[in-house]
Amino acid sequence: MSSATRSDRPAGRFRRMLDRLSSSQEELHSEELQEETRAVGCTRIKDCSDRQIVSVTGTLRTVTLRPRAGVPALEAELFDGSAALDVVWLGRRSISGIEPGRRIIASGRISMNHGRPVLFNPKYELRPVGQE
């Protein structure tokens with residue numbers, strides 16, 4: 001790196017502040033979610049592989065009732081800032097607290113369905129609403 005390039009770039013805290021000001025809301029939200037993932041010791045969704053037992057955290061983007069083979073199934077998309085996965089509770093039509101925008105920690109074994117990670121009937125913990 002040349003000295004001219006080095007002097008053109010602000011350093012440290014000022015640089016981070018400029019980066020945050022020029023970032024979109026979605027990028028900032030993704031950064032926050034990834035920081036939370038590290039803070040609570042969960043696996044990033046993009047690092048999950050088939051048949052791996054994981055704990056992941058993030059925000060529920062969507063929650064849908066979608067029957068599978070005639071059995072009710074509550075499906076939610078969980079996003080952690082790095083990627084998304086589907087969380088599916090078989091035999092459930094609704095679960096109190098499972099709603100779009102809610103942050104959760106979900107644990108279980110990853111399955112791959114059409115190249116997309118899925119957690120079936122995970123253990124889960126609802127994150128306090130005030131921390132969002």
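Predicted model: local features only at pLDDT ≥ 70, side-chain atom pairs only at ≥ 80, totals over all residues.

Reader: Where does threonine 57 lie, and is it buried or exposed?
Author: Threonine 57 lies in strand E1. Its relative accessibility is 1%, so threonine 57 counts as buried.

Reader: Are cysteine 42 and cysteine 48 buried or exposed?
Author: Cysteine 42 has a relative accessible area of 14% and is buried. Cysteine 48 is buried too, at 13% relative accessibility.

Reader: Let us step back. What is the overall pattern along the sequence?
Author: Along the sequence the pattern reads α-α-α-β-β-β-β-β-β, with three helices and six strands in the protein. Of its 132 residues, 36% count as buried.

Reader: And what share of the contacts joins residues at least 24 apart?
Author: That share is 51%, taken among contacts between residues at least 6 apart in sequence.

Reader: Aromatics next. How many aromatic pairs are there, and which residues form them?
Author: The count comes to one aromatic pair. Tryptophan 89 and tyrosine 124 form it in an edge-to-face arrangement, with 5.5 Å centre to centre and 80° between the planes.

Reader: Why does that pair tie together parts that are apart in sequence?
Author: Tryptophan 89 belongs to strand E3 (residues 84-90) and tyrosine 124 to strand E6 (residues 123-126), so the pair links parts that are 35 residues apart in sequence.

Reader: How accessible are the two partners?
Author: Tryptophan 89 is buried, with a relative accessible area of 4%. Tyrosine 124 is partly exposed, with a value of 34%.

Reader: Which charged end sits over a ring?
Author: The charged end of arginine 61 sits over the ring of phenylalanine 79, at 3.8 Å from the ring centre.

Reader: Back to strand E3, then. What does the side chain of aspartate 86 join in a polar contact?
Author: Aspartate 86, which is found in strand E3, has a side-chain polar contact of 3.0 Å with arginine 116. Setting aside neighbours within four places in sequence, aspartate 86 is in contact with Ala76, Glu77, Arg116, Pro117, Val118 and Leu119.

Reader: What about the loop that comes between E3 and strand E4; which residue is found there?
Author: Glutamate 99 is found in that loop, with strand E4 spanning 103-113. At 43% relative accessibility, glutamate 99 counts as partly exposed.

Reader: What does glutamate 99 touch?
Author: Not counting residues up to four places away in sequence, glutamate 99 touches Leu60 and Val63. The C-alpha atoms of glutamate 99 and valine 63 are separated by 6.0 Å, although the two are 36 residues apart along the chain.

Reader: Backbone geometry now. Which residues other than glycine have a positive phi?
Author: Among them are alanine 69, with phi near 50°, and asparagine 121, with phi near 45°.

Reader: Where are these two placed, and how accessible are they?
Author: Alanine 69 is in the loop between strand E1 (53-65) and strand E2 (73-79), and counts as exposed at 86% relative accessibility. Asparagine 121 lies in the loop between strand E5 (116-120) and E6; asparagine 121 is partly exposed, with a relative accessible area of 43%.

Reader: Finally, what is the mean pLDDT of the protein?
Author: The mean pLDDT is 84, and 79% of the residues reach 70 or more. Over residues 1-7 the pLDDT is below 50, and this stretch has two contacts in the model beyond near neighbours in sequence.

Key: Residues numbered from 1 in each chain as written. Heavy atoms only, no water. Buried < 20%, exposed > 50% of the residue type's maximum accessible area, 1.4 Å probe, protein only. Phe/Tyr/Trp six-rings, centres within 6.5 Å; stacked < 30°, edge-to-face > 60°. Helix = DSSP H or I, 4+ residues; strand = E, 2+ residues; numbered from the N terminus. Lys NZ or Arg CZ within 6 Å of the ring centre and 35° of its normal. Polar contact = N/O pair within 3.5 Å; in protein donor to acceptor, adjacent residues only side chain to side chain. Contact = heavy atoms within 4.5 Å. pLDDT = per-residue confidence, 0-100.
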